[in-house]
Amino acid sequence: MLETRVDPVLFNLSRDYVGVQPGISPCCDSGRNPAKDTRLAAVVEAVQTAAPTEMPALLASWLDKLDATGRWALLKLLTGALGVGVSARLAKTALAEWSGQPLADIEEVWHGLKPPYPELFAWLEGRGRRPDTKGAAVFQPVDAVPPHRGPGA
């Protein structure tokens with residue numbers, strides 16, 4: 001994808017010295033295009049439905065629309081490298097801060113939903129109800145579970 005924008009040898013050298021994200025950033029037209037279709041749900045859906053031959057153009061388009069932080073997050077998502085620097089807990093915490101919904105509520109429904117999480121994002125964006133996870137595996141944070149009171153308590 002980057003061979004049309006930069007010499008591949010130069011890119012490989014920069015990747016070896018500074019990593020993928022800093023190596024890609026100077027090759028993107030950041031700020032030139034507004035970030036319209038870069039919502040997480042839209043990206044996940046596009047990745048799931050795109051043909052492999054369409055991915056380089058999609059990725060280039062997204063990278064051009066995102067700022068440096070957005071490019072970093074996109075590359076982490078697409079490469080499956082969330083374990084380094086981004087944990088699921090951190091992602092849920094960011095969603096809670098962004099949406100104003102309690103973190104415990106997000107954690108409770110998260111495990112009962114499937115990507116690209118349209119009902120989760122509809123709820124967090126205020127366009128829908130809290131997802132119904134009845135019958136699905138749900139998570140209850142330890143601090144949300146009341147202590148057990150035995151007989152005579």
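The accessible surface of the chain comes to about 10,000 Å², with areas taken from the Shrake-Rupley method and a 1.4 Å probe. Carbon and sulfur atoms hold 57% of this surface. The model is predicted: local features need pLDDT of at least 70, side-chain atom pairs count only at pLDDT 80 or more, and totals for chains, interfaces and linings use all residues. Residues are numbered from 1 along each chain as its sequence is written, and side-chain values use heavy atoms, with hydrogens and water left out.

The chain has eight helices and zero strands. Both are DSSP runs, numbered from the N terminus (helices: H or I, at least four residues; strands: E, at least two). Along the sequence the pattern reads α-α-α-α-α-α-α-α. Of the 153 residues, 30% count as buried, that is, under 20% relative accessible area with a 1.4 Å probe and protein chains only. Contact means heavy atoms within 4.5 Å. Among contacts between residues at least 6 apart in sequence, 48% join residues at least 24 apart.

The largest nonpolar core has twelve residues, including Ala41, Leu95, Ile106, Trp110, Phe121 and Leu124. Such a core is a set of buried Ala, Val, Leu, Ile, Met, Phe, Trp, Tyr and Cys residues joined through side-chain atoms within 4.5 Å. Helices H6 (88-99), H7 (103-110) and H8 (118-124) each supply at least two residues of this core. The largest share, four residues, comes from H8. Apart from this core lies another, of eight residues, among them Val43, Leu66, Leu74 and Leu75.

In H7, Ile106, Glu107, Val109 and Trp110 are buried. The buried residues of H7 pack against H6 and H8. Leu95 touches Gly100, Ile106, Trp110, Phe121 and Leu124, not counting residues up to four places away in sequence.

The largest pocket has a volume of about 930 Å³. On a 1 Å grid over the protein atoms alone, a pocket is an open set of points where a 1.4 Å probe fits, with protein on both sides within 12 Å along at least five of seven lines; lining residues have an atom within 4 Å of a point. Of the 30 lining residues, Leu40, Ala73, Leu77, Leu95 and Phe121 are the closest to the pocket's centre. H3 (40-49), H5 (68-79), H6 and H8 each supply at least two lining residues. H5 gives the most, with seven. The lining divides into 22 nonpolar, four polar and four charged residues.

Technical notes:
Buried < 20%, exposed > 50% of the residue type's maximum accessible area, 1.4 Å probe, protein only. Points joined across faces, edges and corners; volume = space filled by probe spheres on them. Nonpolar A, V, L, I, M, F, W, Y, C, P; charged D, E, K, R; others polar.
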